[in-house]
Amino acid sequence: MDKLLPHGEWVAAMRSLLMRGYGFARVGNSFKLRMLASGEETQDVLLLLAGVELANEQTSVSSTSMRTERQTILSLDEELGSEGGEDRGDKEDLSGGLVLSVPAENLTLSPASYATTTGIILAKKHSGKTYLGMVLAEEMLSCSTMKVPLVILDPMGVWGGLCSMEDGSPSPYHILRFGGVYANLPITSKDGAKVAEVVNAIRPHAVQVDMSLLAPVEQHEFVADFSSHLYATSPKSPLHVFIDEADEFAPERLSAASSHQKRSLENLDRLVRRGRGKGIGTTIITQRPAVINKNIRSQFECMWLLNMVDPRDLLAVEELLRRLVTAPQLKECIDCIPALLPGHSYFVQGGFSPKFRKFKVRKKRTLDSSKTPDGMPKVPLLSQPLSEALATAQSVFSKSPAGEPS
Ligand SMILES: Nc1ncnc2c1ncn2[C@@H]1O[C@H](COP(=O)(O)OP(=O)(O)OP(=O)(O)O)[C@@H](O)[C@H]1O
Ligand SMILES: [Mg+2]
């Protein structure tokens, strides 16, 4: 085991050894192979490489642009008085990854691989699911190495905070807002296919669909048409879809009151299951793992687990985790999740790049819009979508629906 790896095929070789349960120790610009101690976390090849001169030579990303972006983000955090300045991994060049934790090195993900991944954020009510989703979205929106097109399906109308800062000024993120009280373009339950058409036409521009002004059955109709059209017309390139309160649209048990829910389930199932082939990744957000449809549950490649206490939820989590982690990791999760403090989470990922991390979610840069209102809401100034994106959307919306005379 005391062997120094040669250069050349070392990244692929390291990845393969990590998958077999080995670990590495850094020795200058090389890595020394070692056995992982029992119960020790699996290492992440990207994090091992972060900050190493060798890695910088291999990446196609300009290190100057990465550094500039990182400096902008850090100075933004300082302006906002974010906690734990010394804690944020400032010392390490995190190579344009999605920085989700404090300190940053506890959880930094590759944007390219997360963009096309199917993940789920799980926690009991009011435990930071939407907050974590928005931190993920902020990272994707400000990513210097890859512009990931985002779509946010937001039934409660709480993701608009991404467009504004805590002091009420506009955020630096350009997001086209469909529906809700701050809409760039209002929507009805019949507009799902048009919104999907716009999403594809304005890539990589981000889109938020605020469905808070639609009744539940109208939301089901919208999501059914949106997901069917998005899957059918999506080109083969990365796109990430956040689905908040996803059990509304892909439930294990259909509601008798909604004729559209069955269609929304079928179409979302196809989008999640087959979308990967087209580069579509999803982050499903829900309070209860057991109420998400079984077929969709079987697709998760990674899980974000915040505080949960209900034994039925823990049982369902245990079942999902079995596919992704080792027995000791499973035990640690189930023992610790009920005691997780607000803002603390596990991230687990199976497959070719297994990960098992416990981390503190970094502070959001934009307005905390999912906070329970504690007084008169102040009206924030919102960032606006790029004018070409808005013009494209207006042009799609001005067309008559298929089959109807204009
Ligand atoms: N990581 C965090 N750091 C700081 N505050 C947080 C964090 N996570 C959550 N909060 C606070 O808790 C509030 C509730 O979080 P959030 O809306 O994300 O919960 P939720 O799990 O989505 O709730 P629901 O089940 O009602 O959808 C946030 O608005 C925020 O004020
Ligand atoms: Mg929420």
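Strand 13 and strand 14 (residues 355-361) pair in the antiparallel sense over six bridges, where pairing calls for at least two DSSP bridges between two strands. Strands here are DSSP runs of E with at least two residues, and helices are runs of H or I with at least four, numbered from the N terminus. This is a predicted model, in which local features need pLDDT of at least 70, side-chain atom pairs count only at pLDDT 80 or more, and totals for chains, interfaces and linings use all residues. Residues are numbered from 1 along each chain as its sequence is written, chains are lettered from A and ligands numbered from 1 in the order written, and side-chain values use heavy atoms, without hydrogens and water.

Let's stay with the strands for a moment. Phe-347 has Arg-357 of strand 14 as its bridge partner. Five residues separate the two strands of this hairpin, and Gly-351 in the turn has a positive phi of about 75°. Strand 12 (residues 302-305) also pairs with strand 13, antiparallel over four bridges, with Met-303 facing Val-348 as bridge partner. Five of the six residues of strand 13 (residues 344-349) are buried, so the strand is largely enclosed by the rest of the structure; buried means under 20% relative accessible area (1.4 Å probe, protein chains only).

Now to the ligand. Around ligand 1 there are 15 residues, with Lys-129 and Tyr-131 among the closest; a surrounding residue has a heavy atom within 4 Å. Polar contacts are pairs of N or O atoms within 3.5 Å.

| Side chain | Distance to a ligand 1 oxygen |
|---|---|
| Asp-368 | 2.4 Å |
| Gln-287 | 2.8 Å |
| Glu-245 | 3.3 Å |

Conventions
A polar contact is a pair of N or O atoms within 3.5 Å; within protein, one must be able to donate a hydrogen and the other to accept it, and residues adjacent in sequence count only if both atoms are side-chain atoms. Buried means under 20% relative accessible area, exposed over 50%, partly exposed in between (1.4 Å probe, protein chains only).
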